[in-house]
Amino acid sequence: MKSMKVSPEFPARDANSPVSHKSLFSEKDVLQTHYLQTTGSCRRILEHWRMILVVIVPLVAMIVFSSFNLSEAIQLKETTAIATSRINSARYLTKFIQTMQRERGRSATFISLNTKTNESYAVLQTAQKNTDKAAHNLVFETDTITVNNTKLTKLEMIADILEIRRKINTSSLSVLEALEFFTNINNALMEDLFVNIDIPSGKNLHSKLMVLVFLLRHIDLVGLQRARIAYLFTTCDFNSKEIQVYKYIEGKAQSYLSIVFNYDSNIKKAYMENDLNADEYMDKVNAELWSESYASVCRNQTESERFIKSGEWFRNVSKFIDFAFVIYHNSSELLKNSLSTISDEADFRFALFSSLQVILTLTSFVLLAWYITCVNRMTIRLTKYANEIKSKTKELAVEKRLTEKLLYRMLPMKIALQLKEEGFVPAEEFPEASVYFSDIVGFTSLCSRCRPMQVIDLLNEIYSLFDTCIDKYDVYKVETIGDAYMVTSGIPVSNGTAHALHICKMALDIRNSMTDFKSPVHIDEFIRIRIGIHSGPCVAGVVGRKMPRYCLFGDTVNTASRMESTGEAGKIQMSSATCDIIEKYNQFQYSPRGRVKIKGKGEMMTYWLESSDQRTRVQLLSC
């Protein structure tokens, strides 16, 4: 058999009992509660963020959208402002190109004359002064221009022009060299005119810009024709080579003009509606110049007559060129107007989306503040409710423990757990158990001499003393009826043959504790109790539904009651069955009383239990 120590304290047995795993304060419940609280808190935080996102995401999307459009409006406004500024600067540049074209023609005519008359020199000086005046407001878009692969600043270009003029005045420069110099300058200026300009998309602005470029190229080629024919009128050098050069320039100029007409119908219409008849005049002059007889006619003229003919040609073609420059400037103004319209639209979009962004930003802050306030209020209320629930839960837990404690005092712990889990407890038969009965000697006489409350106080004091004693042993208090006190061992948990050992130890302890117990009414009167013990088989089970009680049934219970009722005051009477069990332990002193007549049983051999050799610490033997 395996032996183990029995702890005499009821709370310790309660702590180690199965009920501790069912308690509200078990480790498993605490961990589960903590997990649920943590999960619930995370879930609430997630729900709050979801609500915040539902409010904020559309606003953020609108803010991003308005910011994108605001950025586009700002970029469009800057682009249109830069393009307008470049077009304004181009007016000065085209004016300078126009004056350079005139100076190119006058210079070629002046060089071709054998006799430098005052009239030809005055005309050249007028052209040079106009060029100098236009150069005053000239601004390069790239700070320098590239002429024959050489980068020149404005001052360097003007210095080169002055040097060419000096050579022209000293007749140390040929006509073709002068034409080439001015043509190279004009080409470089036209390349610099709209270089790297960023035009906003829409309204065919790019095509309008290209129209201006091609129209200016056409005008320059016409100006070059004006210069070459003007000096040919003075030299009469109308040969086949000059015809080829003229045809080449004319074809190139016409191709540029065709492109302009294809892209801008307004310019074509303006050319068609003008009264200058440029094509008719040019065809007439071409037919005259390149005839076989005109060269001999030209040579028969005086130099003065040739100069007059050259000047007439120069003035007529200048009208056509001036008209083309008017068309150019009008188209430039239309382009500026289109850019101004786009700039106004950009200003409107900027004002609209900046206002929208401000409104959305303020709205988002207001909604976020409102939501946070609402969540804060709700959180405060939930916290308050949670604290109240927590407090009530603690109170409920305390009450539950008190209820469980009371239940475990009313019923054995094993039976109480089985009753809670299954709802019923079947009766159980125990082959070995010991039953203890005790009552107060002369209790009826004592009650007649005491008030009811004194009787209650007396019984409470006595039973409290008994309860303190039985907590030290492996026993179960079955019930108290009046002055009767019933205890058993080996029920509901079997403990082998140790039931008699525990019951006898307890009986001795209770008897000894009552040695000096006096009556509350008569101080000199001592209270005595009778104790009876019997061992044997027994049946136990729960009786009743409203107030269930754990009751013992069988002959062992009746015999133990007879052991008590036939006993004497201050003594412990036990049956031979109990005596046979405790005899094996060799720990008790007892003496035979003799045979006693027991109702329903006949004569039985009984014994007086007198004392024990050991203290209250006993060994529980379990099978």
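Which cysteine does a disulfide join to C236? The partner is C298, and the S to S distance is 1.7 Å, where a disulfide is taken as a pair of cysteine sulfur atoms within 2.5 Å. This is a predicted model, in which local features need pLDDT of at least 70 and side-chain atom pairs count only at pLDDT 80 or more, while totals for chains, interfaces and linings use all residues. Residues are numbered from 1 along each chain as its sequence is written, and side-chain values use heavy atoms, with hydrogens and water left out.

**The disulfide and other cysteines**

The structure holds 1 disulfide. A disulfide is a covalent bond between the sulfur atoms of two cysteines. The torsion about the S-S bond of C236 and C298 is about -70°, so this disulfide is left-handed. The pair links distant parts of the chain, since C236 sits in the loop between α6 (205-235) and α7 (240-263), whereas C298 belongs to helix α10 (residues 294-299), 62 residues apart. Helices here are DSSP runs of H or I with at least four residues, and strands are runs of E with at least two, both numbered from the N terminus.

C236 is buried, with a relative accessible area of 1%, and C298 also counts as buried, at 0% relative accessibility; the term buried means under 20% relative accessible area, exposed means over 50%, and partly exposed covers the range in between (1.4 Å probe, protein chains only). C450, by contrast, is in no disulfide, the nearest cysteine sulfur being that of C447 at 6.8 Å, and C450 is buried with a relative accessible area of 11%. For C579, the closest cysteine sulfur lies in C504 at 8.7 Å, which is too far for a bond; C579 is buried as well, with a relative accessible area of 3%.

**Aromatic pairs**

A search of the whole structure finds 16 aromatic pairs. Rings of Phe, Tyr and Trp (its six-membered ring) are paired if their centres lie within 6.5 Å, and the planes then decide the class: under 30 degrees apart is stacked, over 60 is edge-to-face, and the rest are tilted. Two of the pairs are set out below.

| Pair | Centre distance | Plane angle | Class |
|---|---|---|---|
| Y271 and F323 | 5.3 Å | 80° | edge-to-face |
| F466 and Y485 | 5.0 Å | 70° | edge-to-face |

Y271 is buried, at a relative accessible area of 18%. F466 lies in helix α14 (residues 452-470) and Y485 in strand β6 (residues 484-489), so their pair ties together parts that are 19 residues apart in sequence. Both partners are on the buried side of the cut-off, F466 with a relative accessible area of 2% and Y485 with 0%. Elsewhere, ring pairs link F233, F238, Y281, Y294, W313 and F320 into a cluster.

**Charges over a ring**

Which arginine lies over the face of F314 at 3.9 Å from the ring centre? That residue is R106, and R226 also lies over the face of F314, at 4.4 Å from the ring centre. A charge sits over a ring if NZ of Lys or CZ of Arg is within 6 Å of the ring centre and within 35 degrees of the ring normal.

**A lysine in helix α7**

K252 is found in helix α7 and is partly exposed, with a relative accessible area of 33%. K252 and L221 are 31 residues apart in sequence, and their C-alpha atoms are 7.7 Å apart in space.
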